[in-house]
Amino acid sequence: MADKDVFEKKVIRIHPEDSVAVALAPLSKGESVTVEASGKAASVTLTLCEDIPAGHKFAIKNIASGEPVIKYGYPIGAATCDIQQGHHVHVQNTKTLLSENASYTYDEAGAKAAFEAWKADTEQFRKNIPEINVYKRANGKIGIRNEIWIVPTVGCVNKISENLASWANGKFCGGEPAPDEKGGLEGVFAWTHPYGCSQMSEDHATTRKILADLVHHPNAGGVLVVSLGCENLTSEQFLEELGEFDPNRVKFLKTQDWPDEVAQGKKLLTELVEYVSKSRRESVPLSELVLGMKCGGSDGLSGITANALVGRVCDALTAMGGTAMLTEVPEMFGAEQMLMNRCIDESKFNQTVKLINGFKEYFSKHGQVVYENPSPGNKAGGITTLEDKSLGCVQKGGKAPVCGVLHYGERIKEKGLNLLEGPGNDIVSTTAMTSAGANLILFTTGRGTPLGAPVPTIKIATNHPLAQRKSGWIDFDAAQMLENPVDTVRDDLLKLICDVASGKKTTANERNGYREIAIFKNGVTL
């Protein structure tokens, strides 16, 4: 990111080699603006030839037809006509350069240099690691909530699961589930979905795996697995997928086996409440936290404020020895080389290449081009091409080395920054990160979105108007970076993360009850 003095200006050039600058506030035709010097690039003063909305780009030099348009130091597309200095650069004069085929080369020396630079930049975070108060689980994991999760194995029992959760919250939580700074039961939640039957092969296995991951999640002090009894996802299959578990923590209700399944469900939940209520919070280093990172409803400021801020948090947490996850693989297209250049070894590089190419093959298999993105809302917010969106998206990974690559449904194994296979879809990807073991998710947004994952989801606005207008959705305003020292804003966000993890604060999605799951589907429905 640029220095603080740039944030006090109306415009920003993100990288010295950029051929465009971004408006930090609405700019008018005929207005004179100065783009400050950056690196070896001299300052540029120009007169705008068009109105430029906040988050949108304008040319700071003449760009010839066919020439790459550079932002973040990388091409975000190519000019479809000559673009004169001071003109709006957007969908009307820029096209994507993406295709289904790309080749990648591992640069060992470059990766080593990137690692050393990150290590030097983050040395301070290895010295004083904050403490958080959490629940230590028997398997060595930590939970930042002590909830009971009801996991239906098939959509047929969704309403039974929801009714049981509602009953338990009314009886044991006074109808108001919420975290407790000291400990005890903090709420009962049912993760409903339409699957578990009428699925085949890969989809069937995916559903089984994601649901088993949720059962193992450390934010759940207790789990009730609710099944029908005749679904494709049989009890035997699910137990095999689940592996070892504590029978005091995990209970099973097969509804077809009981004359009154609701009464039996209440009995099992009462047993779980007694077990879960004994848990108390204990102090551990922040480095024990597993953090998910997601963006949705992005705009032209996402890569400049909120995503860049999350990147700084990612750098801090991973330097402490913590763990972070970056997913949304289709929104790495066009920016994947940035991540590949930070892979800690050639094995991780090859896994990342396979991750990217695998998702491109998924698109091609369904007859879709890889660049069918950004959305209309993204474009209205100033994002022009998928490369533009992706380069902003991966800012959430900061400069941290890529230490792990996970398949969809795979649980976290490596400390540090991990890349997780998953689509850009908000609910599917937040569910994937939850299933992989994220205790908490940082979710950046420029347009605004109310959704939340099963785990606390801190919503971070890219701009002041969104943070003010949708204060019921937003937890943190990253546009403070435009006015205050970036390190101060980063530390404020780290403080909020510690408070949420320790049960001192709830997130907007928790207060609103906006918590849900969605499972990736690839094949036919029977």
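Predicted model: local features only at pLDDT ≥ 70, side-chain atom pairs only at ≥ 80, totals over all residues.
1. Residues are numbered from 1 along each chain as its sequence is written, and side-chain values use heavy atoms, with hydrogens and water left out.

2. Have a look at H4 (residues 201-216) and H12 (residues 426-436): their axes come within 8 Å and cross at roughly 55°. The two helices are therefore oblique to each other. Helices (H or I, at least four residues) and strands (E, at least two) are DSSP runs, numbered from the N terminus. Axes here are lines fitted to C-alpha atoms, for helices over the stretch in contact, with angles running from 0 to 180 degrees between N-to-C directions.

3. Who touches whom? From H4, Ile210, Asp213 and Leu214 meet Thr431, Thr434 and Ser435 of H12 (contact means heavy atoms within 4.5 Å).

4. Now strand E12 (residues 147-152): six of its six residues are buried, so it is largely enclosed by the rest of the structure. Buried means under 20% relative accessible area, with a 1.4 Å probe and protein chains only. Glu147, Trp149 and Val151 point one way, and Ile148, Ile150 and Pro152 the other.

5. E12 pairs in the parallel sense with E14 (residues 220-227) over six bridges, and Val151 stands opposite Val225 there. Pairing requires at least two DSSP bridges between the strands. E12 also runs parallel to E13 (residues 188-190), over three bridges, with Phe189 as the bridge partner of Trp149.

Methods
Parallel < 35°, antiparallel > 145°, perpendicular 65-115°, else oblique. Buried < 20%, exposed > 50% of the residue type's maximum accessible area, 1.4 Å probe, protein only.
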